[in-house]
Amino acid sequence: MSAPSTDIAVIGWAQSQMVRHTDKSETQLLMSAITDAITPLGLQRADIDFTCLGSCDYITGQAFSFVSNLDAIGAWPPKRDSHVEMDGAWALYEAWLRLQEGDIEIAVVTGSGRSSTGDPALIYPMEMDPYFLAPLGADPLTFAALQARAVIASGIADERRMAEVAVRARGTGNVESLLAEEFIRQPLRRHDVPPITDGAAAMVLATGDRARQLVERPAYITGFDHRTECHNPSFRALDDSPSTRIAAEAAGLAAAPVEVAELQAAFTHEELLLRSVLGLGDDVTVNASGGALKENPIMASGLCRVGYAADHIFGGGNRALAHSTSGPCLQQNLVCILEGRS
Amino acid sequence: MSTPPVAVVGVGQTHHKSRRLDVSFGGLVREAVFRALDDAQMTLADIDAVVLGKAPDLFEGVMKPELYLSDALGAVGKPMFRVHTAGSVGGTTAIVAASHVQAGKHRTVLAVAFEKQSEGNAQFALGSGKGASLGAGGAFAPFIRAYIQRSGAPEHIGWKVAVKDRLNALKNPYAHLKIEDISIEKVKASPMMWEPTRFLESCPSSDGACAVVITDEAGGNAAAADGRPPAWILGSSSRSEPPSFPGRDPVRPMAALQCAADVYSAAGITDPRRQIDTAELYVPFSWLEPIWLEAFGLAEEGEGWKMVDDGTTELGGALPVNASGGVLSSNPIGASGLLRFAEAANQVRGAAGEHQVDGAKVAIGMAYGANNQYFSTWAVGSSLHPFD
């Protein structure tokens with residue numbers, strides 16, 4: 001509806017080491033990530049007015065798993081606090097709304113997950129419709145492969161361009177040898193799918209004046225929206241992502257060009273589809289970070305996209321897009337626009 | 001308040017039962033949603049965004065159910081947001097939904113919360129599936145014993161709360177437990193579960209859902225002009241504190257005191273005991289009523305049990321608590337907090353039916369979660385300036 005009346009900016013962020021498996025607990029990962037995010041800003045935990053954590057009990061393998069993470073935010077004295085069972089990018093969205101109420105100035109949001117402790121093929125079918133889809137046991141690779149087929153059929157992607165995305169994202173390998181590999185779910189090969197990653201990220205937000213006091217060049221959030229779609233992939237046109245399009249429109253993507261885009265594309269074809277839906281031309285640098293194909297800390301992956309987009313602004317850039325997603329075949333999508341000001 | 005006014009214009013809930021085998025998850029939430037939309041004289045087309053709350057996904061075995069429920073909730077093409085703050089989640093869901101409107105992002109937002117506990121084993125999930133779970137009753141019993149020891153309250157206080165809330169439930173068509181012959185003797189004779197909490201001093205395990213339509217000032221005024229009184233949100237807060245360390249007081253948690261202070265300050269409440277007409281407090285075990293009366297400033301420290309003893313908190317008393325029958329009568333965990341917020345709203349709208357508190361102008365709804373760590377509360381009023 002209306003544009004935010006209060007300036008709200010990302011002023012810093014940090015992430016844990018992104019590894020295939022860590023023996024550290026989620027709380028330990030968050031403890032370091034939060035400290036690393038606030039310390040360079042000269043802030044302490046007591047300066048944080050609001051916290052919102054994003055994590056998933058099923059990834060952690062424990063009900064109420066986020067409760068122990070209160071130790072990481074240092075919620076004493078008690079904090080204004082919330083938790084979303086979503087990627088940290090949505091925790092950011094809640095904090096962005098909350099800061100607009102104008103009574104507080106600084107928020108910290110996090111995303112965290114240790115995917116290494118479970119088997120994705122067993123866990124992810126449980127996010128499907130419990131009556132008609134979960135019993136089929138279809139795993140994320142299977143759904144992704146169905147979407148990849150649709151995206152290839154529509155001409156938005158082909159196996160070669162998908163391999164090119166993988167090589168660029170990971171900075172290793174060559175297209176010819178990747179294309180010689182076996183399929184793991186046709187048309188997906190090993191290089192088309194994300195790694196399993198344990199990790200956490202923390203981000204600091206501040207309202208206008210406070211942000212300008214704390215950093216030279218805040219990354220202002222000038223547009224923020226997320227949308228969902230019909231759940232069952234078989235009822236969707238899988239070669240499109242209307243929820244991404246609506247979110248981008250509502251976030252004001254069209255108002256000015258972006259220089260960089262960080263897309264939460266865990267599969268190669270998703271990057272090509274999202275680029276197409278968002279209308280990102282060759283002049284836009286996509287996923288210079290390597291994206292979720294390089295490091296995919298579930299529940300933090302989207303927040304890291306916002307973090308890398310903010311880095312572009314901190315480094316002097318003018319406008320950047322960050323995207324996050326949830327659900328099978330990009331069911332739910334979030335778009336955040338960050339801008340710098342001279 | 002510095003933020004624009006926000007109002008509740010529609011409230012709906014399901015009939016709560018041990019097992020709602022007649023409905024799917026989607027059917028359960030839609031039952032609450034359409035009652036709320038009918039109440040607001042709206043359709044799903046009027047809803048700009050949906051906020052869904054529920055307790056752990058392990059309760060039902062459906063991970064991130066907001067994905068599957070997007071269709072049932074009419075959220076396709078809209079923002080769909082999922083909150084989970086332990087037992088307080090239903091309350092936090094309402095607060096986050098209100099935040100969408102307060103921030104000027106959306107005009108009308110639907111807050112929905114549910115639990116379908118019959119699909120799984122909550123006791124098992126509460127112990128993270130590791131077995132040997134104390135359950136909630138076992139976790140809270142030491143806090144209750146500490147309260148009794150500190151306050152010197154007599155043992156019949158817990159029994160009285162249990163009887164009061166079950167009598168109130170007889171006036172609430174949606175309540176799960178309907179114990180027609182409830183009495184002190186019956187509570188006293190029920191099995192000891194977790195000393196000093198007896199079976200009939202404990203909440204049931206329910207399937208149920210609740211939905212609330214929250215809209216902006218223009219929407220609230222339009223409803224009022226149409227003869228459908230809104231509930232204006234006067235203040236709200238969510239506060240959390242860490243699990244355990246020396247110096248934390250789970251009987252009088254700092255997070256609860258601060259949550260109350262946030263809400264009262266925003267709402268202009270300086271004398272909660274007199275300015276609040278009725279309260280819906282999250283009381284899953286009977287002794288939590290005096291504990292929360294004190295933490296939320298409705299009684300002096302150590303005095304809450306006397307308000308139970310002298311009938312102040314009965315329907316018809318000076319400060320009725322849980323006129324709906326409360327969590328002791330219906331407990332779909334994820335929805336229980338939103339039910340408290342919704343019942344408080346209905347009281348100031350004059351829409352509580354047979355369990356209406358006469359002349360209620362200001363009410364609070366409160367929810368808590370984990371080991372007395374997560375607190376969410378709102379104050380609602382029949383007008384934006386109820387104390388003028």
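At what angle do helix α5 and helix α11 of chain B pack, and how far apart are their axes? Here are some notes on that and a few other features, bearing in mind that this is a predicted model.

1. **The helix pair in chain B.** Helix α5 of chain B covers residues 135-151 and helix α11 of chain B covers residues 288-295; the two pack at an angle of about 70 degrees, with their axes 10 Å apart. Angles of 65 to 115 degrees count as roughly perpendicular, and α5(B) and α11(B) are therefore roughly perpendicular to each other. Their crossing is left-handed.

2. **Who makes that contact.** From α5(B) come B:Phe143, B:Ile144 and B:Tyr147, while α11(B) supplies B:Leu288, B:Pro290, B:Ile291 and B:Glu294. Sorted by class, the contact of α5(B) with α11(B) has six nonpolar residues, one charged residue and no polar ones.

3. **Chain A as a whole.** If you are finding your way around chain A, expect 13 helices and 12 strands. Its radius of gyration is 19 Å, close to the 20 Å that the globule rule gives for 342 residues, so chain A is as compact as a globular protein of that length. Along the principal axes, the C-alpha atoms of chain A fill a box of roughly 55 × 45 × 40 Å.

4. **Burial and contacts in chain A.** Of the 342 residues in chain A, 62% count as buried. Among contacts in chain A with a separation of 6 or more, 78% are between residues 24 or more positions apart.

5. **A threonine to look at in chain B.** You will find B:Thr93 in helix α3 of chain B, which spans residues 89-102. Is B:Thr93 buried or exposed? Buried means under 20% relative accessible area, and B:Thr93, at 0% relative accessibility, therefore counts as buried. Leaving aside residues up to four places away in sequence, B:Thr93 touches B:Val51, B:Leu52, B:Gly53, B:Val83, B:Ala111 and B:Val112.

6. **An isoleucine to look at in chain A.** A:Ile313 sits in helix α13 of chain A, residues 301-314. With 0% relative accessibility, A:Ile313 counts as buried. Which residues does A:Ile313 touch, not counting those up to four places away in sequence? They are A:Arg217, A:Pro218, A:Ala219, A:Asn318, A:Arg319, A:Ala320, A:Leu338, A:Glu339 and A:Gly340. As for A:Ile196, 117 residues from A:Ile313 along the chain, the C-alpha atoms of these two isoleucines are separated by 29 Å.

Note on methods
Residues numbered from 1 in each chain as written. Chains lettered and ligands numbered in written order. Predicted model: local features only at pLDDT ≥ 70, side-chain atom pairs only at ≥ 80, totals over all residues. Heavy atoms only, no water. Axes fitted to C-alpha atoms, helices over the stretch in contact; angles between N-to-C directions. Helix = DSSP H or I, 4+ residues; strand = E, 2+ residues; numbered from the N terminus. Parallel < 35°, antiparallel > 145°, perpendicular 65-115°, else oblique. Left-handed = near helix turned anticlockwise from the far one by under 90°. Contact = heavy atoms within 4.5 Å. Nonpolar A, V, L, I, M, F, W, Y, C, P; charged D, E, K, R; others polar. Rg over C-alpha atoms; globule rule 2.2 N^0.38 Å. Buried < 20%, exposed > 50% of the residue type's maximum accessible area, 1.4 Å probe, protein only.
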